[in-house]
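Dear colleague,

Please find below the structure that I am handing over to you. My notes on what was found in it follow directly after.

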Amino acid sequence: MSSQHSPGDQTSEEEDSYKERRREAHTAAEQKRRDAIKKGYNTLQTLVPTCQQTDASSHKVSKAVVLQKSIDYLQYLSQQKKKQEADLATLRKEVVALQIMRANYDQLVKAHQRAPQVPEDLVPDETKFQVFQMFMDSLFQSFNTQVSMNNFAELSGCVFSWIEEQCKPGDLQELMSAILYRIQNRAREDELPDPAYQNLKIIRN
C-alpha cells in the first residue's frame, strides 16, 4: 500500500511553508531597508564636505559622526542663507538710495541749467565732486536709518515717507547751503585761489 498523508500532516506542511515564505519576505524587506540606509549614509558622505575624510585612525567616519556633521553643515548653510539675504536686502536698499540720489541730482542739474551761468573753469572739478559727494552722503545717512527693507510694502511706505520728510525743496536748499558754507570755509583754510572762492560765493548766494 502507498503511504498517504493525513489531513493533519498536510495542514502542518502548509503552515510551515507559509511561515517560511513570511520569513523570507521579512528577511528581504529587512535587507532592502538596510541597503536604503547604507545608500543614504553614502549619499550624505558624498554631499557633506566634512564627511569626505577619515578619522585619526584612517577609518571611515561612523554613522553617528556622519549624522552630526550633516546637521552641522545644514546649520552652516542656513546661516549662510540668512547672511546672503541680509546682504541682498542691503544692496536693494543701496540701489533704491542711488536711484533717488540720481533723481535728485537730475533736478539739481536742471535747476543749475536754468540759473545764471558762470565760467566753468572757476571751480575745480574736485571741488564740484566734494559738494556732490557731501550732499549725497547726507541724504543716504537719513535714508539708511529711516527706510526699512523687511518687505516690499514696508519699503514702499518708508521710501515715500522719507521723500516727504527729507527731500523737500526748502530742506534740500538748506542742506546745499550748509555744504557750500563748509566747502567755502575749507577753501579759506586751504587758501584756494580767489576765482574758486568767488565762484562758490556766487553759487551759494
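The structure contains five salt bridges, a salt bridge being a side-chain nitrogen of Lys or Arg within 4 Å of a carboxyl oxygen of Asp or Glu. Before the details, two remarks on the basis of these notes. This is a predicted model, in which local features need pLDDT of at least 70 and side-chain atom pairs count only at pLDDT 80 or more, while totals for chains, interfaces and linings use all residues. Residues are numbered from 1 along each chain as its sequence is written, and side-chain values use heavy atoms, with hydrogens and water left out.

Overall architecture

The protein chain has six helices and zero strands, and its pattern along the sequence reads α-α-α-α-α-α. Helices (H or I, at least four residues) and strands (E, at least two) are DSSP runs, numbered from the N terminus. Of the 205 residues in the protein chain, 20% are buried. Here buried means under 20% relative accessible area, exposed means over 50%, and partly exposed lies in between (1.4 Å probe, protein chains only). The protein chain exposes about 15,800 Å², of which carbon and sulfur atoms supply 54%; accessible areas come from the Shrake-Rupley method with a 1.4 Å probe, and for residues only the protein chains shown count as cover. Among contacts in the protein chain with a separation of 6 or more, 54% are between residues 24 or more positions apart, contact meaning heavy atoms within 4.5 Å.

Salt bridges

In helix 1 (residues 7–47), Glu 20 and Arg 23 lie three residues apart, about one turn of the helix. Their salt bridge has its closest N and O atoms 2.1 Å apart. Glu 20 is partly exposed at 32% relative accessibility, and Arg 23 is partly exposed at 47%.

Helix 1 also holds Glu 30 and Arg 34, four residues apart and about one turn of the helix from each other. They form a salt bridge with a closest N to O distance of 3.2 Å. Glu 30 is partly exposed, with a relative accessible area of 23%.

A further salt bridge joins the side chains of Glu 85 and Lys 81 (2.5 Å, N to O). These two residues are separated by about one helical turn because they are four residues apart in helix 2. Glu 85 counts as partly exposed, with a relative accessible area of 41%.

Aromatic pairs

The whole structure has four aromatic pairs. Rings of Phe, Tyr and Trp (its six-membered ring) pair if their centres lie within 6.5 Å; planes under 30 degrees apart count as stacked, over 60 as edge-to-face and the rest as tilted. Tyr 73 and Tyr 76 form a stacked pair, at 6.2 Å centre to centre and with 25 degrees between the planes. About one helical turn separates Tyr 73 from Tyr 76, because they are three residues apart in helix 2 (residues 63–114). Tyr 73 is partly exposed at 25% relative accessible area, and Tyr 76 is partly exposed at 43%.

Tyr 105 and Phe 132 form an edge-to-face pair, at 4.8 Å centre to centre and with 70 degrees between the planes. Since Tyr 105 lies in helix 2 and Phe 132 in helix 3 (residues 125–146), the pair ties together parts that are 27 residues apart in sequence. Tyr 105 is partly exposed at 38% relative accessible area, and Phe 132 is partly exposed at 30%.

Leu 74, Tyr 76 and Leu 77 make a nonpolar surface patch of about 300 Å². Patches are made of residues with over 30% relative accessible area and no salt bridge: like charges are joined within 9 Å, and nonpolar side chains (Val, Leu, Ile, Met, Phe, Trp, Tyr) within 5 Å. Leu 77 is located in helix 2 and is partly exposed at 37% relative accessibility.

A search of the whole structure finds zero disulfides, a disulfide being a pair of cysteine sulfur atoms within 2.5 Å. Cys 51 is buried at 2% relative accessibility, and Cys 158 is buried at 19%.

Gln 45 is found in helix 1 and is buried, at 13% relative accessibility. Leaving aside residues up to four places away in sequence, Gln 45 touches Cys 51, Gln 52, Lys 60, Val 61 and Val 66.

With kind regards
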